[in-house]
Amino acid sequence: MRVDARPSDPELRDRVLGVLKQRFGDRLSLSAAIRERHGKDESYHQAVAPDGVFFPESTAEVAEAVAVCAEHRFPVVPFGVGTSLEGHVAALRGGLCIDLSAMDQVLAVNAEDLDVTVQPGVTRKQLNEYLRDTGLFFPIDPGANATIGGMTATRASGTNAVRYGTMRENVLSLEVVMPDGRVVRTGRRARKSSAGYDLTRLLVGSEGTLGVITEITLKVYGIPEAISSAVCQFPDLDSAVSTTILTTQSGIPVARMELLDATQMGACVSYSKLEGYEVRPTLFFEFHGTEASVVEQAESVQAIAEEFGGSAFRWTTRAEDRNRLWQARHDAYYAALALRPGSQGWTTDVCVPVSRLAECIARTREDLEGTGLIAPLVGHVGDGNFHLVYLVDPENQDELDQAQAHSDRMVERAIGMGGTCTGEHGVGYGKMKFLEAEHGAALSLMVAVKRAFDPDNIMNPGKIVQA
């Protein structure tokens, strides 16, 4: 998606960057290559470079930089590692990108209380490596090795959300630099509170439009005694989705339940060398618990799958086998790209009530057949969320238009079914146009919140709402 970006006023830009350069020296980069890298995420959306990139090492430095920008009404765009998917980091009004990757310390582990406090530049893999010897783990897994700050800002989700929830359910409190440079803390370490407005939940998913997150306190969990994974293949997508619905309704505490359509499974079989699997709609499962309970869960799901024609049901507790299966799932995007060498992946997602999931997927696939596009489907189907990856030639405008039109129809269909325009990718500027249809009059309240927090509209302007 292309936008009309508005460059910063040259005199204002030079004045603000001059002040910051004098204070922070080489940690403020004006390099064209670094600026361009920080204006682009992993989406198909147009990249727009900031005027400068600052690499702070503390909350105090973030606050000082934001205060300078606030004084001059100069835009600020927070940045993690750039794995977002809806144009979140494009500097649509120019300004200062604050790259938080150097703030990468695990500050505290409270094992008895099952919580940790980290800086925003800590990545999810780094956190779990740090926790490994404590017997704890952090379950949110969006696939990419995203930073905890970025995952919090985009309300990330992923393969484990069906059991452990999203970032919304797993963030206890935040430290945030507000648009005027003040530092605030949104909560305490207590597991629940009735004291005041829930600012933590408001800022989780705010995509850098309300402040810069500089510290996060998270829930963590004990590593399960036993873990098993299973794969089952189906004659059609409807049978696979029906299996997920009945599994959920039966109360089986599945940790992961992932759907790959035939196109995506074929890509994974070829790319990840998954021998012995056919090119058919496939479900991947993971079960956590005691040794006895994971066996019981797997057998219960197998019985449900067989009711809907599921076959080739295989399950394993061996770590190497489980890792191979889930690595194949995490490599699904690259496997899809290999179906059409030289293509660009255009990813999008929606989420609907689980009862409407089969219908939404079926109508989406039927609609796709008339476009001539290749678009493998993957889904976190336990919570009604699925993704398409359009494989497009970036130089072919007709393909790009077809993909945009199909994506728009899919979003409108999902909203019409009581769903949302995005289950986990976020809004950025890519899906702003759907918020009125989804939220109606409530959108005006979001605009009011944005203006109350950020009256000069310096925080990641042009994202989520137009203020």
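**Cavities in the predicted model**

Biologist: Which residues line the largest cavity?
Modeller: The model is predicted, so local features need pLDDT of at least 70 and side-chain atom pairs 80 or more, while totals for chains, interfaces and linings use all residues. Residues are numbered from 1 along each chain as its sequence is written, and side-chain values use heavy atoms, without hydrogens or water. A cavity is a set of points, on a 1 Å grid over the protein atoms alone, where a 1.4 Å probe fits but cannot get out, and lining residues have an atom within 4 Å of a point. For the largest cavity these are Tyr-44, Glu-86, Trp-346, Thr-348, Gln-404, Ser-407, Asp-408, Gly-430, Lys-431 and Phe-434.

Biologist: Which element gives the largest share of that lining?
Modeller: Helices (DSSP H or I, at least four residues) and strands (E, at least two) are numbered from the N terminus. Strand 16 (344-351) and helix 15 (397-416) each supply at least two lining residues of the largest cavity. The largest share, three residues, comes from helix 15.

Biologist: What is the volume of the largest cavity?
Modeller: Two cavities of 30 Å³ or more are counted. A volume is the space filled by probe spheres set on the grid points, which are joined across faces, edges and corners. For the largest cavity, the volume is about 40 Å³.

Biologist: Which elements give two or more residues to the lining of the second largest cavity?
Modeller: The second largest cavity has a volume of about 30 Å³. Its lining includes Ala-161, Val-162, Met-257 and Glu-258. The elements giving two or more residues to this lining are helix 6 (161-164) and strand 13 (254-260).

Key. 1 Å grid on protein atoms, 1.4 Å probe; cavity = no way out; pocket = protein on both sides within 12 Å on 5 of 7 lines; lining within 4 Å.
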